[in-house]
Amino acid sequence: LSTTPLNRAPRKCTSPSDFWGQRWNKIVKEELRRGVFQPLRRIGVHRSAVALATFLVSGLLHEYILDVFTLRGSGAPDGTEVVHNNPRGAPFVPSYGNHMLFFAWNGAVLLGEHFLAGTAVIQWMRTHLPRPLRTVLVLLTVLPVSHLFTDEYKHSFFYSDISMGFRLIVKAASM
């Protein structure tokens, strides 16, 4: 019995399309391909528009996931919000739209790559730059907007909450 790896060596990506299309989160990529990309292509929507639409649907999906992950249950007898592991003691309310912006940006980067693919500069980079440097350049396309994806989780104390589970796993494994 084996499992499908979620990612395929993302640190070896050579372009934004290589990263998003071949190396990152293969399960979600495949579902978006089947559920968004292929149906829109079948009805004749231009490939570039379909690629951008796929990123926007991914943004909506991630907005939903953010909402679920940052949801705090109401468990106090008086009906007030119970917020575990939150030093502020107040419910976290996500800033909706940041994940959409993050994925819209990455969709635009992918379209930019497609439209510039035949230029002399891009061709030169493909043939002369070593793979690690191309990977760094791909990461630099995400860096300016990465906070749009990570800040909501950081401010909601999601990382602190999930780290509690990892400590328990480590503790159980050492027993």
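Start with the cartoon view and follow the chain from one end to the other: the pattern reads α-α-α-α-α-α-α-α. That comes to 8 helices and 0 strands. Keep in mind that what you have open is a predicted model.

**The whole chain**

The chain exposes about 11,300 Å², with carbon and sulfur atoms supplying 67% of it. What share of the 175 residues is buried? The figure is 28%. Now think about who touches whom. If you take the contacts between residues at least 6 apart in sequence, 63% of them join residues at least 24 apart.

**Stop 1: the largest pocket**

Next, select Trp20, Gly21, Trp24, Lys29 and Phe55. Of the 38 residues that line the largest pocket, these five lie nearest its centre. The pocket has a volume of about 1,200 Å³. How do you find a space like this at all? Rolling a probe the size of a water molecule over the atoms shows where empty space is left.

Now colour the helices that give two or more residues to this lining. Here is your selection list:

- helix H1, residues 16–23
- helix H2, residues 26–42
- helix H3, residues 47–69
- helix H4, residues 98–116
- helix H6, residues 131–142
- helix H7, residues 146–155
- helix H8, residues 158–173

Which of them gives the most to the lining? It's H3, with 10 residues.

**Stop 2: a histidine in H3**

While you have H3 on screen, pick out His62, which has its place in that helix. Is His62 buried or exposed? Its relative accessibility is 14%, so it counts as buried, since the cut-off for buried is under 20%. Show the side chains of His99, Phe103, Phe149 and Tyr153 as well. His62 touches these four, leaving aside residues up to four places away in sequence.

**Stop 3: the second largest pocket**

Clear the selection and pick Ser15, Pro16, Glu113, Ile122 and Met125. These lie nearest the centre of the second largest pocket, which is lined by 14 residues. The space in here is about 350 Å³. H4, helix H5 (120–128) and H6 each supply at least two residues of this lining. By type, the lining divides into 7 nonpolar, 4 polar and 3 charged residues.

**Stop 4: the salt bridges**

Side chains of opposite charge can pair when their charged atoms come close.

Begin with Arg23 and Asp18. Their closest N and O atoms are 2.9 Å apart. Arg23 is buried, with a relative accessible area of 8%, and Asp18 is buried as well, at 12%.

Now go to helix H2 and select Glu30 and Arg33. In this salt bridge the closest N and O atoms are 2.1 Å apart. Where do the two sit along the helix? They are 3 residues apart in H2, so about one helical turn separates them. Glu30 is partly exposed at 24% relative accessibility, and Arg33 is partly exposed at 29%.

Stay in H2 for Glu31 and Arg34. They form a salt bridge with the closest N and O atoms 2.5 Å apart. Here again the two residues are 3 apart in helix H2, about one turn. Glu31 is partly exposed, with a relative accessible area of 45%, while Arg34 is partly exposed at 44%.

**Stop 5: two positive phi angles**

For the last stop, look at the backbone. Select Ala9, in the segment before H1. Its phi is near 45°, a positive value in a residue other than glycine. Ala9 counts as partly exposed, at 22% relative accessibility.

Then jump to the loop between H1 and H2 and select Asn25. What is the phi of Asn25? It is positive, about 40°, although Asn25 is not a glycine.

Note on methods
Residues numbered from 1 in each chain as written. Predicted model: local features only at pLDDT ≥ 70, side-chain atom pairs only at ≥ 80, totals over all residues. Heavy atoms only, no water. Helix = DSSP H or I, 4+ residues; strand = E, 2+ residues; numbered from the N terminus. Buried < 20%, exposed > 50% of the residue type's maximum accessible area, 1.4 Å probe, protein only. Contact = heavy atoms within 4.5 Å. Areas by Shrake-Rupley, 256 points an atom, 1.4 Å probe, with all protein chains shown as cover. 1 Å grid on protein atoms, 1.4 Å probe; cavity = no way out; pocket = protein on both sides within 12 Å on 5 of 7 lines; lining within 4 Å. Points joined across faces, edges and corners; volume = space filled by probe spheres on them. Nonpolar A, V, L, I, M, F, W, Y, C, P; charged D, E, K, R; others polar. Salt bridge = Lys/Arg side-chain N within 4 Å of Asp/Glu carboxyl O.
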